[in-house]
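Hello,

Here is the structure I promised to pass on. Please look it over, then read my notes below.

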Amino acid sequence: MTIILFILGLLFLVAGAEALVRGASSLAGRVGISPLVIGLTVVAFGTSAPEMAVSAAASLNGQYDLAMGNVVGSNIFNVLFILGVSALIMPLAVSAQLIRIDVPLMIALSVLLLLLGWDGNIQQWEAALLFAGIVIYTVLLIRQSRKEHVMNVTPSDVPASGSVWLNGAYIIGGLTLLVLGSGWLVDSAIAFANYFGVSERIIGLTIVAAGTSLPELATSVLASIRGERDIAVGNVVGSNIFNILAVLGLSGMISPIGLTVSASTLSFDLPVMILAAAICLPLFFTGFKISRWEGGFFLMSYIAYTLWLIR
């Protein structure tokens with residue numbers, strides 16, 4: 001039964017994220033948002049909804065290692081595995097905006113998370129500051145994109161299909177599936193951890209992190225195949241920013257004691273997440289693209305990290 005609930009939870013998360021992204025992307029296309037900004041916001045936030053649902057549910061249940069491990073593991077998976085696989089399929093062009101603004105922001109936020117958790121706890125007010133950051137980031141991105149759209153610099157090529165009511169139904173239905181799927185996934189992951197004697201931290205960093213990142217994987221790989229490389233890369237960078245600011249922000253706010261951060265997370269997992277984010281910048285500068293050999297390097301790095309965890 002636990003295995004069935006785990007599989008159903010993953011399926012509900014993927015289906016819910018797909019419905020949420022479809023509805024939100026179409027609505028965004030109606031107001032003239034550029035493909036890169038759609039990748040950084042609407043698509044990234046939609047595909048990160050499973051992380052939000054799982055970490056929030058885990059936080060309410062007092063499973064803080066699972067809540068933190070899910071985000072840290074997802075961010076590592078997003079960069080090393082998803083960008084690695086996507087670049088192996090098709091070398092990915094990297095926007096100058098990502099190199100100037102969004103990747104440095106991802107690196108800075110990764111370091112900030114380590115600093116906030118250095119005392120072993122991310123307090124509620126610190127979590128609230130993180131959540132305020134995602135609001136400011138989103139508003140600035142949309143304002144910039146709208147300005148560029150008015151100047152006809154980067155018009156949106158995302159079709160505004162379907163009625164507002166239909167897209168609203170997609171969004172509501174997607175959120176419903178995400179809530180149901182996240183509850184099943186958290187419960188089954190905890191059961192697995194207890195049965196096999198594996199810590200919730202490891203379960204969160206591997207199985208749950210990879211499971212909740214399936215929407216990002218599917219989105220970036222499909223975008224790479226279709227040549228929508230701004231969305232492929234923007235989705236990963238935007239998801240990582242969203243995970244730190246919104247997912248951990250909300251999870252810490254709704255918990256009465258904030259989020260506890262284990263010594264293992266501080267000494268190993270967070271530094272690996274920072275390193276994964278940091279290596280993007282110099283690699284992205286090499287011709288403003290992620291080549292196939294760089295994608296292979298990312299993928300092999302993720303395999304090495306996972307083997308180290310489960311050794």
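Trp 308 is partly exposed, because its relative accessibility is 44%. Bear in mind that this is a predicted model.

Together with Phe 77, Phe 81, Phe 268, Tyr 302 and Tyr 305, Trp 308 forms one aromatic cluster. A search of the whole structure gives 11 aromatic pairs. Two pairs are described here, and Phe 268 takes part in each.

Start with Phe 268 and Tyr 305. Their ring centres are 5.9 Å apart and their planes are at 20 degrees, so this pair is stacked. The cut-off for stacked is under 30 degrees. The pair links distant parts of the chain. Phe 268 is in helix α11, residues 263–278. Tyr 305 is in helix α13, residues 292–310.

Tyr 305 is buried, because its relative accessible area is 6%. Buried means under 20%.

Now Phe 268 and Trp 308. Here the ring centres are 6.2 Å apart and the planes are at 40 degrees, so the pair is tilted. Phe 268 belongs to helix α11 and Trp 308 to helix α13, so this contact ties together parts 40 residues apart in sequence.

Next, the start of the chain. Which residues make the nonpolar surface patch of about 620 Å²? They are Met 1, Ile 3, Ile 4, Ile 7, Leu 8 and Leu 11.

Ile 3 sits in helix α1, which covers residues 2–30. Ile 3 counts as exposed, because its relative accessibility is 54%; the cut-off for exposed is over 50%. Ile 4 is also placed in helix α1. Ile 4 has 47% relative accessibility, so it counts as partly exposed.

One more point on Ile 4. Which distance separates Ile 4 and Trp 184 in space, C-alpha to C-alpha? The answer is 9.4 Å, although the two residues are 180 apart in sequence.

Best wishes

Technical notes
Residues numbered from 1 in each chain as written. Predicted model: local features only at pLDDT ≥ 70, side-chain atom pairs only at ≥ 80, totals over all residues. Heavy atoms only, no water. Patch = residues over 30% accessible without salt bridge, like charges linked within 9 Å, V, L, I, M, F, W, Y side chains within 5 Å. Areas by Shrake-Rupley, 256 points an atom, 1.4 Å probe, with all protein chains shown as cover. Salt bridge = Lys/Arg side-chain N within 4 Å of Asp/Glu carboxyl O. Helix = DSSP H or I, 4+ residues; strand = E, 2+ residues; numbered from the N terminus. Buried < 20%, exposed > 50% of the residue type's maximum accessible area, 1.4 Å probe, protein only. Phe/Tyr/Trp six-rings, centres within 6.5 Å; stacked < 30°, edge-to-face > 60°.
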